[in-house]
Amino acid sequence: MSLDDDARWLEWVTKQFESIAGDDKEIDIDEFKAALKVKESFFAERFFVLFDSDGSSSISLDELLKALDLLIHGSETDKLRFLFQVYDVDGSGSIDPDELRTVLKSCLRESAISLPEEKLDDLTLALFESADKDNSGAITFEELKEELENFPEVMENLTISAANWLKPPELDHKKRHAPRYLTRAYWQNNSRKLLFLCSYACFNLLLFIGAMLQHRQGGGWYMVAKGCGQCLNFNCTFVMVLMLRRCLTWLRATWLLRVLPLDQNILLHQIVGYAILCYTLLHTMAHIFNFVQLSKRGEFTLWEYLLTTRPGIGWVKGTASVTGIVLQVVICLMVLCSSTFVRRSGHFEVFYWSHLSYVWVWSLLMVHCANFWKWFVVPGLVFLLEKIIGIAVSRMGGLYIVEVNLLPSKVTHLVIKRPQFFHFKPGDYVYINIPVIAKYEWHPFTISSAPEQSDSLWLHIRSTGQWTNRLYEYFRQLETETNRPKRLSTSLRNHRQLRAQEDLFSSANSNGTVASNEDDAIELMMYRQCSSRSDVAPAAVSGAPGSVEPLPDELGPAERGEAPPLREISVKSGENHRFCNIKSYVDGPYGTPTRQIFASEHAVLIGAGIGITPFASILQSIMYRYRRRKQNCPNCNYSWCENIKDSEMKLRKVDFIWINRDQKSFEWFVSLLTNLEMDQADEEPEGRFLEMHMYMTSALSKNDMKAIGLQMALDLLAKKEKRDSITGLRTRTQPGRPEWGKVFQKVSEENKGKVHVFYCGSPALAKVIKAQCEHFSFNFYKENF
């Protein structure tokens, strides 16, 4: 920092210190812990001891500034020596195994990572043996420094990120950029949407002006009211057209997808909804002002114009004013109840039932306006036809939920018997109705199984609202009531199912039909491997297909896998799994933007939390097609995948990025990811077709002084055991959040073709990723419902 920056920083730190220190102008250990906001007090105590240079059990401003100066302006050696002193708990000048274990245990707690004691011992020994170059039984400062040099990314930026109040404020020396919406990249990447919105605005303007000119004899306010009314005729019909899901799913398979923003129909639906609210308010206000003028020179009062049929305004017995007031109230309530804060605060039912009042809106509009039926009749018939087809499809041949898994973080995995003629694409979603949970409620969720899995549908549903919580609690209570007496029966059934599967494979083998049953052989082999290998995480062994996210009980962007996507071998057992036979109804499938993934050359799939759901089906289907391309040498065990482009799949590379807050969330999906890794056990001539990148945001990053030792140990143990200690996968879980600039820069440098980024997760992160995509000229698709 410059001298001016130093002065500002010094002034800022002094103010922070004075706000924390007591009357004695010193900070004691309790105040220090509270200020640091660290999860594990070990580091706060160690930092406090090292900052307290005079051993007075309190820190003065001078002592604090001296320590901060070392950490911010000091050399790498100064910072490393401070780190060494943190680890050297007894102050002996060296670090023994027990001290290192204590530090790593505190690191695990600080990063919200839970590992068995045996795994903690393995981490300690891996780091200790690597750093103790002379096998003396203790790590010296020079040995620690030499070990850290093997991790250059750590040496670049050694900070204490958790203690935000200790860091100088960020100085605003950034170059001012043009607003994002004015950049060339934004207009290029959103050309279809912007062109459509411009056309929409121009059409509304033409309707408005045309209606005003047609009624110019009625005066200014009357002209405005009629202009808004004509726009409302169009918009109250168009808002319905944007939700014709079956038509939109069909249109996605046509050339119109390249012209119209079909993947953003939800956003456009919301925009039109807000336009309707604005038009109705302006329409009502214009009529009120017009009625004020009429009441001054006419026989009726203002209230008679507004609330009675006496003036005879309207084509159905003078009801235009009364129906207008009712319409205004209903539309305002619909917009209010569809707000994000309502849908995402666990009150989806409020949105759901209030939105059904669209039937009353259209009915009242028929009475209110003489010309509305002309706009409504054709789209209305299509809408009615869609509803009839949906009801017929959903009720035809009742479906049954045959298996249920209760996964970590209150995720419910439903296995539904798949109808014979139910065809869908990877990433599609359905509406499901389960009468035992709620007789009349339908909720949208992504299908998490692959289309190639012919006998069942998977849905993974996270408990985020009233309906999903009732669903989880229903099966949890059933499990509590029936688990114990059924435990041996379930185990016996599972063993018999596995035996039957083995007999089927043996019979096929003896009859010389191995080739035709290759998929079954792969399934059986992979199940055995997952059941016997010690390096597969618990969720993989239990058979829980990991998890995929629902479209939560919110109609909106959701923040939404199976290994070999053939038949799932139902040999799961445990307290959170059960077989059942519960009636359900499914309406769909409906298409999403992810349908375009197979037309991409380089696809980047980004899921945040349960936002992984749409990619579960996609990854399974991708690997199924990948497996069909796989070739094996008849003379040796070498296998490879032919790099062939076809009309079905143009993909040359897939990067899968999954961001989770905590360790437990990875258990939803770990068995699928394990199987995907096993599919790619052989090296490919052009590198891996599928690369996975895992991020755990609660874990402190490698450049944090409180996490350096842990992340080094995890790296060393992962190289030794060839699997990650957190997930059990071969892919190493990275701490913290992705640096999107570096991630996309690497993707860009691979030159695998046009990059398409598909995202499902929180809207806030979507904005960040979309901005980076615009910078690199990547196509960005956000999952919507």
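Author: Six strands form an open sheet in the order S6-S5-S8-S3-S4-S7, and the pairing is antiparallel. Strands here are DSSP runs of type E with at least two residues, helices are runs of H or I with at least four, and both are numbered from the N terminus. Two strands pair if DSSP finds at least two bridges between them. The model is predicted: local features need pLDDT of at least 70, side-chain atom pairs count only at pLDDT 80 or more, and totals for chains, interfaces and linings use all residues. Residues are numbered from 1 along each chain as its sequence is written, and side-chain values use heavy atoms, with hydrogens and water left out.

Now the pairings. Tyr429 has Thr446 in S6 as its bridge partner. Strand S3 (residues 399-407) pairs with S4 in the antiparallel sense over six bridges. Leu407 stands opposite Val411 in S4. S3 and S4 form a hairpin, with three residues between them. In that turn, Ser409 has a positive phi of about 60°. S4 is also joined to S7, antiparallel, by seven bridges. There Ile416 has Leu457 in S7 as its bridge partner.

Strand S4 (residues 411-417) is mostly covered: six of its seven residues are buried. Buried means under 20% relative accessible area, exposed means over 50%, and partly exposed lies in between (1.4 Å probe, protein chains only). In a regular strand the side chains alternate between the two faces of the sheet.

H20 lies across S5 and strand S8 (577-590), running at about 155° to S8. Contact means heavy atoms within 4.5 Å. Helix H20 (residues 372-395) holds Leu384. Leu384 is partly exposed, with a relative accessible area of 48%. Leu384 and Leu244 are 140 residues apart in sequence, yet 9.9 Å apart in space, C-alpha to C-alpha.

For comparison, take another sheet. Six strands form an open sheet in the order S14-S13-S12-S9-S15-S16, with parallel pairing. Strand S14 (733-735) and strand S16 (779-782) stand at the edges, each with a single partner strand, so one side of each has no neighbour in the sheet. Neighbouring strands of this sheet are turned by 20° against each other on average, direction ignored. Strand S13 (residues 690-696) and S14 pair in the parallel sense over three bridges. Tyr695 stands opposite Gln734 in S14. Helix H28 (residues 763-776) lies across strand S9 (602-608), strand S12 (653-660), strand S15 (755-760) and S16, running at about 165° to S16.

Next, the aromatic side chains. A search of the whole structure finds 30 aromatic pairs. Rings of Phe, Tyr and Trp (its six-membered ring) pair if their centres lie within 6.5 Å; planes under 30 degrees apart count as stacked, over 60 as edge-to-face and the rest as tilted. One of these pairs is Phe84 with Phe141, edge-to-face at 5.9 Å centre to centre and 85° between the planes. Phe84 lies in helix H5 (residues 76-87) and Phe141 in helix H8 (residues 141-148), so the pair ties together parts 57 residues apart in sequence. Phe84 is buried, with a relative accessible area of 5%. Phe141 is buried too, at 9%. Arg81 lies over the face of Phe141, at 4.0 Å from the ring centre. That call requires NZ of Lys or CZ of Arg within 6 Å of the ring centre and within 35 degrees of the ring normal. Elsewhere, Phe196, Tyr200, Phe203, Phe234, Phe238 and Trp375 form one aromatic cluster.

How values were computed. Axes are lines fitted to C-alpha atoms, for helices over the stretch in contact, and angles run from 0 to 180 degrees between N-to-C directions.
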